[in-house]
Amino acid sequence: MKTDRAPISFTVNGAPVSVSAAPMRRLSSILREDLRLTGTKVGCDAGDCGACTVLLDGEPVCACLLPAASVEGASVRTVEGLSHGGLSALQASFLAHGAAQCGICTPGLLVTATALLERNARPGEDDVQDALGGILCRCTGYRKIAQAVMEAHRYLAPHLDGSAASLDFRLPPPGHAVGASPVRLDGVPKVTGEEKFGADSFPEDALVVLVIRSPHHHAEFSFGDLDTYVADNAGVAGVFTASDIPGINSFGVIPPFADQPALAEGTTRFRGEAIALVACENWAARQIDLSRFPVRWRELPATMDPEEALAAEAIHASRPGNVLVRGLVERGEPEAALENAACVVSGSIETSYVEHAYIEPEAGYAFVAGDTLTVVACTQAPHLDRDDTARVLGLPPEKVRILPTATGGGFGSKIDLSLQPLIGLVALKTGRQAALAYSRNESMASTTKRHPASMRATIGADTDGTVLGMVFSGEFNTGAYASFGPTVANRVPVHASGPYVTPHYRATARAIHTNGPVSGAFRGFGVPQATLMQETLFDDLANQLGIDRLQLRLKNALRNGSETVTGHRLEAGVGIAECLQALTPHWARALADAERLNATSHGTKRGIGIASCWYGCGNTSLPNPSTIKLGISPVGKVVLHQGAVDIGQGANTVIAQIAADALGLALGDFELKGADTAITPDAGKTSASRQTYVSGKAAEKAARELRQQILRFANVSPQASLQLENALLLVNEGGERRRINLARLAADGDGLVFSAQESYDPPTAPLDAKGQGKPYAVYGYGAQIAELDVDLALGTVKLVKITAAHDVGRAINPLLAEGQIEGGIAQGIGMALMEEYITGRTENLHDYLIPTIGDVPPIETILVEVPDPEGPFGAKGLGEHVLIPTAPAILNAIRHATGVLVTKVPATPSRILAAIRAAGSLP
Amino acid sequence: MTRYAKPKTLDEALALLSEGAWRILAGATDFYPALGNRPLLEDVLDINGVAELRGVTESDRHFIIGARTSWTEVLKAPLPRAFDALKQAAREIGSVQIQNMASVAGNICNASPAADGVPPLLILDAEVELRSRHGLRILPLGQFITGNRKTRLRQDELLTALHVPKASVAGHSAFVKLGARRYLVISIAMAAARIVLAPDQRITGAAIAVGSCSAVAQRLRELETALVGQSFDAISEIVADASLDELSPIDDVRGSAEYRRVAAREIVMRALRQAAGGSQKREAA
């Protein structure tokens, strides 16, 4: 028997199917490509993420590890087969609990949990964890997933046939959308498997693009005979290199720093950098051995350490000393303040490269229609993608259309270009559709990371705990190309004080190039690293002064009227004290628990830690506008051009909720258009915790303008209420009702009979040479308590509980806000305890560890609402804030338990035990 | 063009193996991750169709675990308490998805130093049954695995079963895994221990193995000898004094050599105590 294709018959979701496939084809590939059942996702192709889980004769297995030959005669069940029309009880429960954020891991979870529930309809939390331990989720923090599974039984339909679950979508009445928690508007396709992510809609006859990448950190290369290679390899349509690029071969999220070639030119600067594309027919793609591609490498000495990089040859000729950007914030006389302080504490902390590890690797396809290149791909920033892709490919921006698919997690890395110029180049050169889905390995090797940081700081305080001054310096390894390195270097000095009054202050940060992976945006832009430094020193201060750690923080907390380290006077909306106050009873309870437990426990010690955060929403002292368009269609729908890309966090729902209340129509009347650059205005990138605040404000403005238009048209006062009834717009005022027949009105180019478009740009002011000014218009605040047990003999940590109080200004959608908090905490746990990306060594999801469902403890969320006068309905940003306090709270808790501070994260068992042993004594 | 064969009988499989080099495929859970997205260039002999390789049976002198038995099947098989460590390990190998497909023999033949299945089989004095067209060899498991990713399997041979001598199926056993997260994690270190206690709580037999702390998981014979005749209460002291010279841990991304040396002693102690206590409780360190 040869490996030729052979007929294989099995049943899928009860229906017999027969495919002709090579016996060793992975079932995941057959389901997705041959049967077009794209609900089964591929996250790693190695059994590490569980996204491809299907039921084989009723048992969960990874479809990526299952040869076609093994399914002959078997029964396979996928997410598409979980309900018979409508939703299963579990699917309904997932929606009701907000258990799906981006949705990429949702099918695997649903399938696996279905098998559990069919055996045990009322599972306990341990049962759920044991069942779902093999599926990674990067968005949710798993708490809502476990809850949804445990409570699925409540959503069984009362009907006798039991076919469809009962689910209340909780759509709020007009005027009450803000503050309600409707089921996310884009939720249903996420639980049915119908949602289309980057790799889910490839045209069948698209060329498959394979990427040749650098195996070295730094190398020169030259190609062999590429024409012969194409001729000798059946199915290869072409090979493309930097010499084929028609435009400017450099891109970057900050145009003045754009330095990264789409395809390297003769030299590669990091392992994983792309040098050539092989475009081939789908049937040939599986047979091409890229190790036989004609390229000669000459490895060059690589600079991997930022300290050494300062003295090494410049990686970019224009940046001597490899310093990309220096950031500085200085205020008062910090040295003098430290000299006069009664208590001075100093320390240093190191952090590692952290990988975003979204479960959806970058994927998309491109095609040319007429004179426009269209890129259909996952992204966080469609307009940036458009402009940069156009630049690389030598096209005017309006001739590039970015059509975003659903995005299976981003966390900052999908702001940068990845495959857009690559598939675009192949589409332009061949005139064919060109598709590419990154493998897990190439996603990890080639895309951005969190900056590793090496930080030192000194803080001085008075005997009563009043902070007098602080000096901070941080070196941030920005890797081979600029990406968001400048942002990190500028944001860190602004935030390194924490949300505390610090009258005398100097913070410097440098982004330094190495031949390491490119460091870019990752939830918090360097602030999570800097906060580790500051918050661990605050514990030193408290311990030395004998002051309660929470009280020390409360004493120094910024208040309305305080000036920040940039001299920005905060007039209103400062909620850090409220967050700390909300935590106070939890803190007392947790400390008492620890004291009681530690009195009798010797091998394991309970530790309690606390840390705060603050974070400015939007770009730092730079323009950062959003534009939102919406209108009324002739059939009586509110059409919202929702350009704030929803990568799972919930912008599709939150922006609509804001618009609904500003307009005065029901959320249920809304219909969303996505962030397609051809039809939807630029709402900026999904980054910097800016969408709820900035795009939300634009939506509020646009919706109010739309309301004005309608009121004027109807000639009624602002007190009038609106209502849609099919094609009729009813305007009620003072017992009178006007009916506007929408179908009779002329529609504009967007098919809207009334429409409005408004922009909003946060009012910030530039920072001067000493970093003084108003960098942000709105800040968000928060604080978290970590409770954990440390096994003193093994250095292992078991988290017991995280209590999180976050000042969101106004919770537009409390359920989604909770989801952000739980998910951010999970990422903070990973950063604190296990995540360390080592290029060339941990380029997969079994050597690079992110938290599983068993690693996230119960989380109690306290939503604090101190309204901000600038934000829509008082709302502030939240997305990044939530991750910032977690890791420092954990380090502080480990020190509380053991007496030792681990000064390098992740605090692995190995590092914790080494620190305990080095200290030689226990509390 | 590479070849693919899926024989239905052991004889067919052995006949094919005698003809040339094949990559043997069972659960495929190590096969595909190693293949990545490269094209398949090896001939594959898929043993999933050979029914006689599956299941746990008993002979007069042995428990016999068929090579293709999945870890889920091991977990569900009615077996004496001495197999508890093996069952606890079965729950820690990858995820449930992996346990449903991966085979016992695959975990052994893959010969990873971090194979969770190996220490619990070592403490049962398991032997491997190797068959070829020309005959049968039985080797102690400890001799079969010779190094990191190295075994004594000949090109014409198939590992067909594991034999656990009934003489070794005495007492209670336990498995302790040390990883940096709760589920789906490659072990930093793991220990399996089996202990036989007399009615007066004296230890009459002990078997201990540690994985991920040497190229091949090791039995700790010296410590085993030191424990025999001692009281259950003396375990901590004896383990604390043991040399553990059998271990030669290295530094890697999961932990330092020094850490492994310290942690190994601790998890050995916990595995012994748990086995001695006969506790069913699963201890994931």
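## The largest cavity

The lining of the largest cavity is made up of 15 nonpolar, 15 polar and five charged residues. The model is a predicted one, and the space in this cavity comes to about 580 Å³. In total, 35 residues line the largest cavity, and those nearest its centre are A:Gln649, A:Ser689, A:Gln820, A:Leu878 and A:Gly879.

Three helices of chain A, namely α18 (651-663), α19 (691-714) and α20 (814-833), each contribute at least two residues to the lining of the largest cavity. The greatest contribution is that of α20(A), which supplies three residues.

## The second largest cavity

The second largest cavity holds about 210 Å³ of space. Its lining consists of 19 residues, and A:Phe251, A:Gln260, A:Leu417, A:Ser418 and A:Ser446 are the closest to its centre. By type, the lining of the second largest cavity comprises nine nonpolar, seven polar and three charged residues.

## The extent of the interface

Attention now turns to the meeting of the two chains. On one side, 49 residues of chain B take part, and they are in contact with 57 residues of chain A.

The size of an interface is often expressed as the accessible area that is lost when the parts come together. For chain B and chain A, the area buried between them is about 4,200 Å², and 61% of it lies on carbon and sulfur atoms.

## Polar and charged pairs

Four salt bridges are counted between chain B and chain A. One salt bridge joins B:Glu258 to A:Arg917, with 3.4 Å between the closest N and O atoms. The count of residue pairs in polar contact between chain B and chain A is 15, where both residues have pLDDT 80 or more.

## The side of chain B that touches chain A

Which elements of chain B each supply at least two residues of the side that touches chain A? They are the helices α2 (31-35), α5 (96-101) and α11 (257-277), together with the strand β3 (44-46). Of the elements of chain B, α11(B) gives the most to this side, with seven residues.

The residues on the side of chain B that touches chain A can also be sorted by type: 27 are nonpolar, 11 are polar and 11 are charged.

Terms used:
Residues are numbered from 1 along each chain as its sequence is written. Chains are lettered from A and ligands numbered from 1 in the order in which they are written. This is a predicted model: local features need pLDDT of at least 70, side-chain atom pairs count only at pLDDT 80 or more; totals for chains, interfaces and linings use all residues. Side-chain values use heavy atoms; hydrogens and water are left out. Contact means heavy atoms within 4.5 Å. Buried area is the accessible area (1.4 Å probe) that two parts lose on being put together, summed over both. A salt bridge is a side-chain nitrogen of Lys or Arg within 4 Å of a carboxyl oxygen of Asp or Glu. A polar contact is a pair of N or O atoms within 3.5 Å; within protein, one must be able to donate a hydrogen and the other to accept it, and residues adjacent in sequence count only if both atoms are side-chain atoms. Helices (H or I, at least four residues) and strands (E, at least two) are DSSP runs, numbered from the N terminus. Ala, Val, Leu, Ile, Met, Phe, Trp, Tyr, Cys and Pro count as nonpolar, Asp, Glu, Lys and Arg as charged, and the others, Gly among them, as polar. On a 1 Å grid over the protein atoms alone, a cavity is a set of points where a 1.4 Å probe fits but cannot get out, and a pocket is an open set with protein on both sides within 12 Å along at least five of seven lines; lining residues have an atom within 4 Å of a point. Grid points are joined across faces, edges and corners, and a volume is the space filled by probe spheres set on the points.
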